[in-house]
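Subject: Structure for you to look at

Hi,

Here is the structure I promised, with the sequence. Please open it first, then read my notes below.

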Amino acid sequence: MRIIKRAGLTRVLLASAAVLFSASIICGNLPGQAATTKTKPFFGDQYNPENTIMTATSCDEKYEGVPQPLTKKDPLQYVQPWNGYCPPSNLKDAELAKCLPCQTYNIKTSGIYRGIEVQGNKWMLMSCEEAKRGAETSGCPFGAVIVQIDDETGNVIRYWKNHNHVTEWIDPTAHAEVTAIRAVCKELGVFNLGKIDKADPSLKLPQTGKTSHCEIYSSAEPCQCAMPLFAVAN
Ligand SMILES: [Zn+2]
């Protein structure tokens, strides 16, 4: 799964791997608990449908491909100069965006993802709008969009969008990219999003081509919570 992030925003790493691990135990249903305690809803089952769409939106349009990166310079040597408010926001409340700091360099130089401008890219814009929705509903301004592309036709089959639910679900792992990937895998029935085989008996949604794959757009630089998940989900 290729990863595309918005250029110019910063993201704060809040949780260590140890915290995430312990949180996953706390949030999961332990064996034997169901018989004595009320069953708790699993991740993602508690959400306001007015704010969150957990299911795919069908689509049939040509995928324009991964946008060109903003800079092709050596990320190890290059530090993007601070220009005040980079990049310019094209949201209606652009003034609000000026309150957010933006990062001046890529901290994950080995990451296979590209920084692109919001303007001119439908999926990145959608991702940022989802981040705005997250800020309005849960207080966390992070969004992600996952696009499923048919490998034979090159068309977008469907897409999912989601935002950060950490405070809403009291779940430190519920970052935008994570909730988006959960929703995709749950609905598709597969966890390898780099190669989705039409012949896979587990696959629950239709596709015309023999294979398809997913790409994720993130409104901010993915943190260490989401990055390993990208690798596992391909
Ligand atoms: Zn994250």
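The mean pLDDT of the chain is 73, and 58% of its residues reach 70 or more. pLDDT is the predictor's confidence in each residue, from 0 to 100. This is a predicted model, so local features need pLDDT of at least 70 and side-chain atom pairs count only at pLDDT 80 or more, while totals for chains, interfaces and linings use all residues. Residues are numbered from 1 along each chain as its sequence is written.

**Confidence**

Among the elements of the chain, helix α1 (residues 17–27) has the lowest mean pLDDT, 31. Strand β6 (residues 196–197) has the highest, 98. Over residues 8–39 the pLDDT is below 50, and this stretch has 34 contacts in the model beyond near neighbours in sequence. A contact means that the C-beta atoms of two residues, placed from the backbone, lie within 7 Å. Residues 103–113 also stay under 50. The model has 21 contacts for them beyond four places in sequence. Where pLDDT is low, the predicted coordinates should not be read in detail.

**Overall layout**

The chain has seven helices and seven strands. Both are DSSP runs, numbered from the N terminus: helices are H or I with at least four residues, strands are E with at least two. From the N terminus on, the order is β-α-α-β-α-β-α-β-β-α-α-β-β-α. Of the 234 residues, 32% are buried. Buried means that 20 or more other C-beta atoms lie within 10 Å of the residue's own; exposed means 12 or fewer, and partly exposed is in between, with C-beta atoms placed from the backbone. Among contacts between residues at least 6 apart in sequence, 69% join residues at least 24 apart.

**The core**

The largest nonpolar core has 33 residues. Such a core is a set of buried Ala, Val, Leu, Ile, Met, Phe, Trp, Tyr and Cys residues joined through C-beta atoms within 7 Å. Those with the most contacts inside it are Ala144, Val145, Ile146, Val147, Ala180 and Val184. Two or more residues each come from α4, β4, β5, α6 and β7. Helix α6 gives the most, with seven residues. Val147 touches Tyr63, Trp123, Val156, Tyr159, Cys214 and Glu215, leaving out residues up to four places away in sequence.

**Helix α6**

Gly189 follows the helix, with a positive phi near 85°.

**Strand β2**

How many of the six residues of strand β2 (residues 57–62) are buried? The number is zero, so the strand lies largely in the open. Four bridges join β2 to strand β5 (residues 155–163), and the two run antiparallel. Strands count as paired if DSSP finds at least two bridges between them. Glu61 stands opposite Val156 in β5.

**Single residues**

Gly143 is found in strand β4 (residues 143–150). Is Gly143 buried or exposed? Gly143 is buried, because 29 other C-beta atoms lie within 10 Å. Not counting residues up to four places away in sequence, its contacts include Cys128, Arg133, His163, Ala176 and Ser219. Gly143 and Asn164 are 21 residues apart along the chain, yet their C-alpha atoms are separated by 6.4 Å.

Ser138 is in the loop between α4 and β4. With 21 C-beta neighbours inside 10 Å, Ser138 counts as buried. Beyond its neighbours within four places in sequence, Ser138 is in contact with Asn164, His165, Thr167 and Glu168. Ser138 and Trp169 are 31 residues apart in sequence and 9.2 Å apart in space, C-alpha to C-alpha.

Two residues other than glycine have a positive phi worth a look. Ile170 has a phi near 50°. Ile170 lies in the loop between α5 (166–169) and α6, and counts as exposed because it has 12 C-beta neighbours inside 10 Å. Asn234 has a phi of about 60°. Asn234 is in the segment after α7, and counts as partly exposed, with 14 C-beta neighbours inside 10 Å.

Best wishes
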